[in-house]
Amino acid sequence: MPDAEESAQITEPPSELRFAYVAGVTPGKWIRRWEERMPDVPLHAFMSDDGAQLSVLHDGSADLSFVRLPVDREGLNVIPLYEEQPVVVAPKGHEISVFEEVALEDLSEENFLDVEEMGGPDMALQVVASGAGLAILPMSVARHLNNKQTVMRLLTGAPGTQIGLAWLAGTDSPVIEEFIGIVRGRTAQSSRQPSARQEKPKKAPKPDRRGSGAKKPAVAQRYAPNPDKGRGKGSRKKGKR
């Protein structure tokens, strides 16, 4: 059984929160909300490539990671967040540039590159720019890399990708729960937010303005009660003349 000093270390809240995110995720709004609600807990963010999106959790570099699904969920908690729009990327001057969007079935004769075999999106776009083939990427990734030697168009008929938030199973804490609530759009007043469930200090009772002195005596009647009240009409005896 841990002694008092060990118990204090166990219950002490973390001094910081660290999260990683893959290219295409823009965490700025979540960081701003965290700084507003949890100013005493520093938040550190860094970008990881798709190959390291889980290893940053296992090696302790990050407490949470924004990942591109699907991933191996063994030993993890994973919350799906939102879907990404796919685009097709071609070398500059390709015929797809005259369209606003392209159907996948209309590109059946094109050579598509395997982005993972190319070593990731950045290298894949360089190969695309050389004219060796086309690539399918999430729109957010293509915009982030912004290769000026390529052109991208919305792609219909292709499966989209999904972003999720992952953390190691068994590492849940009020601070991690707070961050998850922010990412999921919960307000600061939500009863599901740990910061909103903290016990608020009770207000001091208002002073008794009536004072502690004796009660004032009742005001004496100015007039004697009418003895004939309630006897009915003509009930007063007339005096002799």
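Is Glu36 buried or exposed? In this predicted model, Glu36 is exposed, because its relative accessible area is 63%, and a residue counts as exposed when that value is over 50%. Glu36 has its place in helix α2, which covers residues 28-37. Although Glu36 and Ala188 are 152 residues apart along the chain, their C-alpha atoms are separated by 9.5 Å.

The protein chain as a whole gives the setting for such details. Its secondary structure comes to 7 helices and 9 strands, and of its 241 residues, 33% are buried.

Helix α4, which spans residues 121-129, has Ala124, Leu125 and Val128 as buried residues. Seen down the axis of α4, these buried residues fall within an arc of 100°, so they line one face of the helix. An α-helix has 3.6 residues a turn, so residues three or four places apart point the same way.

| Element | Residues |
|---|---|
| β5 | residues 86-91 |
| β7 | residues 135-138 |
| α5 | residues 139-145 |
| β8 | residues 150-156 |

After α4 comes Gly131, whose phi is positive, near 95°.

Technical notes. Residues numbered from 1 in each chain as written. Predicted model: local features only at pLDDT ≥ 70, side-chain atom pairs only at ≥ 80, totals over all residues. Heavy atoms only, no water. Buried < 20%, exposed > 50% of the residue type's maximum accessible area, 1.4 Å probe, protein only. Helix = DSSP H or I, 4+ residues; strand = E, 2+ residues; numbered from the N terminus. Arc of directions from axis to C-beta. Contact = heavy atoms within 4.5 Å.
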